[in-house]
Amino acid sequence: MQGMNIMIVGVGGQGTLLASRVIGGAALAAGYDVKVSEVHGMSQRGGSVVTYVRFGQKVNSPLVDIGDADLILSFEALEAVRFLKYLKPQGTLIVNEQQIDPMPVIAGAEKYPEGIIDSLKKSDINAITLDAAEIATQCGDIRAVNIVLIGVMAGLGLGGIDREIWRDSVAKCVPQKALELNLKAFDMGFERGSCK
Amino acid sequence: MKRLMLGNEAVAHGFRDGGGTVASAYPGTPSTEITENIAKFDDVYSEWAPNEKVATEVAIGASVAGARSICAMKHVGLNVAADPLFTVSYTGVNGGMIIAVADDPGMHSSQNEQDSRYYARSAHVPMLEPADSQECYDFTREALKLSERFDTPFLLRLTTRIAHSQSLVETSPREDYKLKEYKKDFRKYVMMPGMAKVRHQVVEKRDNDLREFAEETELNRIEWGSREVGIICSGIAYQYAKEAYPKASFLKLGLVYPLPEKKIADFASQVKTLIVVEELEPYFEDHIKKLGIKVIGKERLTLQGELSTNMVRNSFADICADIVEEDYRQDFKQPAAFGNIPQRPPVMCPGCPHRAAFFVFKKLGLTVCGDIGCYTLGALPPSEAMDTCVCMGASIGMAHGMEKARGKDFAKKTIAVLGDSTFIHSGITGLIDIVYNKGVSTVVILDNSITGMTGHQHNPTTGFTIKNEPTKQVDLEKLCEAIGVSRVRICDPFDLKEFEKVLREETAVEEPSVVISQRPCALLKNVHYGAPYAIDTEKCKKCSSCMRLGCPAIVKKDDGIMINNALCCGCGLCTKMCAFGAIVR
């Protein structure tokens with residue numbers, strides 16, 4: 001059994017917590033030992049947030065160390081760069097191209113770095129970038145960005161978990177009334193990942 | 001069947017399955033979900049108390065009456081509950097009782113990173129520390145039983161990474177617990193000198209009994225590996241150390257007070273080098289050194305923040321060189337650097353009522369004694385309008401202290417600012433102090449109809465219980481009047497002009513005054529502001545007035561100002577900043 005160290009990074013309020021629960025649930029259903037580390041409290045208020053999912057035969061620490069992530073799912077471009085040092089050299093980075101200005105940029109004290117997505121594409125990092133917000137909107141709700149990204153991950157075959165297990169886990173974690181659009185979001189992400 | 005559970009959720013299940021029936025708490029990250037999950041059980045009574053002291057007293061009362069009980073709080077909450085803690089140690093319990101306390105190393109959402117283990121030692125109350133969600137479940141059940149066996153409440157210590165990590169839990173059937181008989185026993189439960197002196201002897205004997213128990217209990221577990229290195233640890237530190245050095249020998253402590261001195265000495269004698277891995281203070285290390293045992297610990301590990309697997313690995317690499325996994329990479333290639341990138345600190349949400357209040361505080365140049373809550377973000381740019389923040393309720397006492405130090409004129413430029421829940425928690429007594437001692441301070445209660453920062457819990461001012469049942473609502477206006485404040489004003493902070501006028505008037509008068517700033521948290525389900533706003537670029541003069549609010553939805557681009565319609569909640573506060581009518585729907 002292979003295991004995985006996953007980091008989900010983004011901006012507080014983007015749905016990173018739900019994403020970590022979907023991944024944790026799928027890994028559990030696939031028979032792995034799992035730990036999911038969440039963030040609550042002050043940093044949820046629009047700050048930089050990171051949650052960790054680790055699965056494998058036996059997991060001790062719930063955290064992923066610098067240089068130890070097999071996969072980083074980033075909900076926002078700048079956050080992808082912030083946590084890049086956690087990625088293993090052969091790891092995969094999946095990035096939603098959306099940009100959300102942090103307060104120092106809004107206040108004019110700093111600049112949002114230009115060309116993040118292009119630089120990532122040109123670098124030797126194994127990076128997949130997509131406008132997940134656009135795909136989620138097509139599915140009916142921009143908030144499904146998290147499920148689109150999980151679809152991409154599943155489509156890439158990361159973690160060796162079956163598609164149906166993923167879909168079951170999505171179904172267990174999202175509200176019933178949003179089930180259909182989330183499954184659609186997952187499938188669209190999956191197609192994107194599997195044709196990579 | 002195994003389920004993924006947060007550590008806090010596992011404590012809740014362990015409490016119910018262990019026969020617990022009464023739970024009381026004040027919310028505080030990272031402890032809140034213990035009680036939120038207990039509230040989902042129909043067969044367990046649960047409540048939000050006004051503060052941690054009351055919550056603890058409720059749990060004591062329930063225990064004395066024969067039920068198994070729990071109170072839950074964050075580390076700083078235990079300071080508030082310290083008064084009952086030290087004396088319930090003397091009275092002991094009837095039904096099993098747990099005081100769950102969640103420390104926050106790294107201060108993810110706290111004002112300090114105190115180590116609660118010292119409370120156990122100093123109050124002579126035994127403490128358990130689980131290392132994952134399964135242990136959260138098991139230890140909670142165990143603590144309820146041990147509490148009755150040793151006639152003492154048990155502290156259950158979590159840290160953020162235990163409380164807020166999900167891992168697998170297998171539950172077992174609920175214990176059929178019958179209320180124990182309630183017997184009046186004033187020698188046990190009335191603590192005045194004559195009785196307390198006797199009970200202090202009982203506490204000392206109990207400590208000795210627990211020390212013996214510590215030697216034999218499986219809560220303190222030895223995992224033999226290589227005898228080259230022995231590691232003593234507990235809680236999350238065990239997980240980091242185990243992952244860093246799986247081949248080492250471990251003494252994993254589940255009962256962290258009192259400590260098994262013989263077991264420690266025995267373990268130490270059988271390993272070549274002894275290491276202690278613990279977060280925050282050298283609590284184990286000092287004790288072990290006192291026993292005359294050579295041990296390596298904090299000279300290589302920080303007292304600050306959290307540990308990690310890598311930190312543990314790097315700190316003892318030379319000692320553990322012979323037992324490390326061969327495939328571990330010491331160096332890794334850092335991915336391409338992007339230079340310095342902007343930080344992303346937490347901010348007040350779009351639509352937050354506090355944003356309007358702090359805009360006015362800044363405009364008036366007030367000295368703001370602040371408090372604990374979402375509004376503490378008012379200290380950060382762009383408002384930077386908070387001068388102090390120490391602990392729950394401190395704003396009021398500190399504003400009064402400032403007045404007494406610098407006089408009434410200084411007080412006319414000073415306010416105390418705190419939320420509705422924080423005012424109930426420990427602001428009321430501060431206000432009484434102002435009135436009683438002829439102070440003139442102005443207190444602003446930011447009433448957003450909820451306890452916000454911890455994730456929307458009800459409190460005595462919201463009119464609903466933890467189970468969303470309607471209940472009596474504390475009337476803040478009448479409460480302040482009853483205390484003796486004759487000037488109580490209620491004002492909507494989104495009415496910027498009126499709010500400013502009220503503040504000017506109330507800070508100017510030489511008597512105590514309270515301004516209740518009333519507008520609900522924008523994240524509440526019943527708050528609907530409507531469609532997002534946009535900038536009419538033809539009318540916009542790019543004066544940046546709207547930017548002064550520091551709303552994350554209003555962004556300055558090279559070609560002008562725009563409103564991010566994915567973030568804007570339509571609150572309309574910015575329209576009041578624009579003199580040109582350029583912000584429209």
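Predicted model: local features only at pLDDT ≥ 70, side-chain atom pairs only at ≥ 80, totals over all residues.
**View 1. The open, parallel sheet of chain B.** Five strands of chain B form an open sheet in the order β14-β15-β16-β18-β17, and their pairing is parallel. The edges are taken by β14 (367–369) and β17 (487–491) of chain B, each of which pairs on one side only, and from one strand to the next the twist averages 25 degrees. Within this sheet, strand β15 (residues 414–419) of chain B is joined by five bridges to strand β16 (residues 442–447) of chain B, and B:L418 stands opposite B:I445 in β16(B).

**View 2. Helices packed on the sheet of chain B.** Helix α16 (residues 394–406) of chain B lies across β14, β15 and β16 of chain B, and runs at about 175 degrees to β15(B). Helix α20 (residues 496–508) of chain B also packs on the sheet, where it touches β15, β16, β17 and β18 (513–518) of chain B; the direction of α20 makes about 170 degrees with that of β17(B).

**View 3. Two nonpolar cores.** The largest nonpolar core holds 170 residues, of which A:M7, A:I72 and A:V148 touch the most other members. Leaving aside residues up to four places away in sequence, A:I72 touches A:M7, A:V9, A:A80, A:F83, A:Y86, A:L87 and A:L93. A second core, separate and made of 70 residues, includes B:C369, B:V417, B:M453 and B:C480.

**View 4. A helix pair in chain B.** Helix α3 (residues 52–64) and helix α5 (residues 82–91) of chain B pack at an angle of about 25 degrees, with their axes 8 Å apart, and α3(B) and α5(B) are therefore roughly parallel to each other. On the α3(B) side the contact is made by B:K53, B:T56, B:E57 and B:I60, and on the α5(B) side by B:D83, B:P84, B:L85 and B:V88. Classed by residue type, this contact of α3(B) with α5(B) has four nonpolar, one polar and three charged residues.

**View 5. The contact between chains A and B.** Here 44 residues of chain B are in contact with 49 residues of chain A. The elements giving two or more residues to the side of chain B that touches chain A are β8 (165–169), α11 (235–244), α14 (309–315) and β20 (554–557) of chain B, and the residues of that side divide into 22 nonpolar, 16 polar and six charged. Strand β2 (residues 33–37) of chain A pairs with β8(B) in the antiparallel sense over three bridges, and the bridge partner of A:K35 in β8(B) is B:S167.

How values were computed
Residues numbered from 1 in each chain as written. Chains lettered and ligands numbered in written order. Pairing = 2+ DSSP bridges. Helix = DSSP H or I, 4+ residues; strand = E, 2+ residues; numbered from the N terminus. Axes fitted to C-alpha atoms, helices over the stretch in contact; angles between N-to-C directions. Contact = placed C-beta atoms within 7 Å. Core = buried A, V, L, I, M, F, W, Y, C linked by C-beta atoms within 7 Å. Buried ≥ 20, exposed ≤ 12 C-beta atoms within 10 Å, placed from the backbone. Parallel < 35°, antiparallel > 145°, perpendicular 65-115°, else oblique. Nonpolar A, V, L, I, M, F, W, Y, C, P; charged D, E, K, R; others polar.
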